[in-house]
Amino acid sequence: MDLGFTRAEEALRAEARAWLAAHVPAAPLPSLETGEGFAAHRAWEAELAADRWSVVDWPQRYGGRDAGLIGRLLFEEEYYAAGAPGRVGQNGVSLLAPTLIAHGTEEQRARVLPSMATGEVVWAQAWSEPEAGSDLASLRSRAVRADGGWLLSGQKTWSSRAAFADRAFGLFRSHPDAPRPHQGLTYVMFGLRSPGVTVRPVGRLDGRPAFAEIFLDEVFVPDEDVIGEPGQGWRIAMATAADERGLTLRSPGRFLASAERLRALWRERGSPDRAREKVADALIGARAYQLFTFAAASRYLSGEPLGPESSLNKVFWSEYDLALHENALDLLDGEGESADTDWAERYVFALAGPIYAGTNEIQRDIIAERLLGLPKGRR
Amino acid sequence: MRFLLDPEQRDFARSLDAMLTAADTPAVIRDWSRGEHGRGRALWSRVAEAGVFALAVPEEYEGLGVRPVELAVAFIELGRHAVPGPLVETVTVASLLAGTGQAKRFLPGIAAGESTATLAREGSPALDGDAATHRFSLSPDGLRLAPGHGPVRGSLDPARRLTALLPGGELLGPPTPPGALTLARLTTAAQALGVGLALLDRTVTYVGRRTQFGVPVGSFQAVKHRLADAKLALEFARPLVLGAALTMAPADVAAAKVTACEAAYTTARTALQLHGAIGYTAEYDLSLWLTKARALLTAWGTPRECRDDVLGAA
């Protein structure tokens with residue numbers, strides 16, 4: 001048992017730190033959830049990718065450094081400590097890429113991953129539907145067999161980044177006669193500007209179009225854009241969801257940096273005693289999350305798959321993130337209401353955490369039933 | 001980086017767990033609470049034979065070398081079985097005396113399980129002063145061997161018998177430096193984690209069996225979500241405890257102490273609520289863990305003191 005890092009890992013950390021010190025924009029980029037900000041974040045991804053910093057854990061042939069999971073975690077600690085911009089390609093990198101690596105063909109990987117790594121193609125997710133949220137397996141959007149591919153029809157919603165993204169991935173019902181709802185689904189990639197696609201941006205609480213509805217009317221998708229076997233989409237997507245909730249969606253580095261920002265704010269405001277406990281808990285929580293992630297990464301690297309324990313991770317980070325930002329707004333006193341502080345947009349973003357990627361209620365059901373072994377009951 | 005217990009450490013935990021499961025600790029705890037120490041002393045010897053106290057003693061004094069990770073592993077199991085006695089205090093005394101001129105006098109006995117030591121700051125109650133073979137007090141001028149103890153006072157945990165130490169006594173060493181009680185905090189944190197894990201296990205078993213409205217109460221979402229929250233609290237305390245054992249940095253240990261103790265206490269409240277009235281009775285064994293969770297919260301560092309140590313670091 002040890003918490004030390006190899007010479008190569010420490011060298012990567014040092015190189016990243018130096019690169020970030022020289023490249024991170026001095027002023028924050030405009031909000032990611034605006035046209036202007038989206039473009040600026042896309043350009044930043046290209047700058048990262050030019051020196052192979054956008055996906056350090058990926059194989060070199062797709063634009064990475066083969067730095068492994070530990071290398072990625074260390075890079076992200078440096079990345080967020082440096083105050084670097086949010087990652088516009090997160091959905092593709094965290095959700096689609098692991099799926100392609102595990103279930104895609106080499107042709108798909110070679111075609112999709114390099115342009116994802118540079119930000120040239122930004123991916124949105126297309127899971128939820130108006131009538132299929134927590135009960136995702138009840139989704140109704142269809143994939144109908146056509147010559148050389150599939151025709152997609154239906155409606156997707158709450159699709160993060162879809163207002164400005166290029167392509168999307170999601171599940172479609174291809175075998176409507178399958179005996180159970182989670183059978184007969186197919187995992188598909190499609191273009192958001194393909195004929196038959198209409199994207200309607202949706203403003204989140206602050207009005208910014210952070211997500212969108214996607215309407216599909218007989219959108220043709222060639223067979224080469226189906227991931228895995230048709231009809232096996234649920235199993236493939238759930239493997240992605242385990243990654244999403246597990247190690248890759250929220251880096252410990254992000255919360256270590258947020259906790260330090262909160263401590264700095266607390267000191268700026270004169271270290272008020274009323275916030276003392278909360279600031280200490282933010283520091284402790286970030287350390288707990290880092291060590292929890294190191295433990296999970298160690299298990300994963302020794303060959304154990306990520307399983308339902310990733311639900312613990314998801315509930316923890318989402319509630320931690322929200323509490324941290326609420327505490328920051330409290331520390332700002334009357335200024336906490338202002339929409340133009342450093343904290344306001346981060347707070348609005350954190351509000352969504354307990355809802356997406358499987359609501360925390362669903363996660364608690366999973367913890368209770370699959371980790372603790374409690375009997376299934378009505379939801 | 002490999003933040004996982006080694007196979008030997010896991011085997012050590014399993015063998016301790018098996019030994020303590022076979023030892024019928026609830027009966028031992030109830031005896032101990034009445035001041036009947038016979039079975040408790042016998043269990044102490046078994047814990048010593050398993051090597052637990054030797055993990056706090058350098059090899060030159062017949063120990064296994066000071067090994068905080070293994071100590072944390074052991075104290076999780078001791079907490080899981082609610083083993084009574086001044087366990088934390090004994091290993092802490094060993095850490096205070098190691099490297100002093102008194103090491104040879106006391107440490108071999110501690111490693112072998114022949115000596116049991118309690119320890120308290122001057123003016124604070126000492127745990128199990130009536131049962132310990134040696135009583136140490138931390139006075140402003142240094143560590144003293146107390147000449148005796150006062151009457152036993154009850155604790156919220158009946159198995160923790162509090163005693164005042166008589167003032168004065170032989171001065172054994174200079175004032176203890178800051179951070180000297182880090183091992184007390186670490187082992188208390190580990191013990192609390194074990195207490196919380198046991199409370200969760202017992203409650204999960206109970207709600208799976210207890211039937212109301214024709215179904216196990218554990219199938220209700222209100223019940224499940226409370227237990228999920230207890231699981232969350234404990235599973236994020238665990239890496240803090242093991243990480244603190246690796247670094248032994250005072251801020252890491254303080255973070256582990258407050259987090260593990262609060263997780264255990266949260267779990268205790270959930271355990272009591274989900275057991276209902278039966279959990280509120282002294283005769284039901286759950287009480288042996290419930291009461292300990294509250295007592296450990298303030299032992300060797302209150303939540304406030306621990307959070308201050310976290311904030312003070314770096």
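This is a predicted model: local features need pLDDT of at least 70, side-chain atom pairs count only at pLDDT 80 or more; totals for chains, interfaces and linings use all residues.
Residues are numbered from 1 along each chain as its sequence is written, and chains are lettered from A in the order in which they are written.

In chain A, the domain assignment gives domain 1 (7–88), domain 2 (123–233) and domain 3 (250–371), the bounds coming from an automatic or database assignment. The centres of domain 1 and domain 2 of chain A, taken over C-alpha atoms, are separated by 29 Å. Contact (heavy atoms within 4.5 Å) involves 9 residues of domain 1 and 8 residues of domain 2 of chain A. The two domains bury about 730 Å² between them, 53% of which is given by carbon and sulfur atoms; buried area is the accessible area (1.4 Å probe) that two parts lose on being put together, summed over both. Of the area that domain 1 of chain A buries against domain 2, A:Glu33, A:Phe38 and A:Arg42 supply 68%, more than any other three residues.

This interface of chain A holds 3 salt bridges, each defined as a side-chain nitrogen of Lys or Arg within 4 Å of a carboxyl oxygen of Asp or Glu. A:Glu33 pairs with A:Arg204 in a salt bridge at 4.0 Å, N to O.

Chain B is divided into domain 1 (7–173) and domain 2 (182–312), with 22 Å between their centres, taken over C-alpha atoms. Here 29 residues of domain 1 are in contact with 32 residues of domain 2 of chain B. The area buried between these domains is about 2400 Å², of which 69% lies on carbon and sulfur atoms. B:Arg30, B:Ile76 and B:Arg80 supply 22% of the area that domain 1 of chain B buries against domain 2, more than any other three residues.

Across the interface of chain B, 2 salt bridges are found. The side chains of B:Arg30 and B:Asp285 form a salt bridge at 2.8 Å, N to O. On the side of domain 1 of chain B that touches domain 2, the residues comprise 19 nonpolar, 5 polar and 5 charged; Ala, Val, Leu, Ile, Met, Phe, Trp, Tyr, Cys and Pro count as nonpolar, Asp, Glu, Lys and Arg as charged, and the others, Gly among them, as polar.

Definitions and conventions. Side-chain values use heavy atoms; hydrogens and water are left out.
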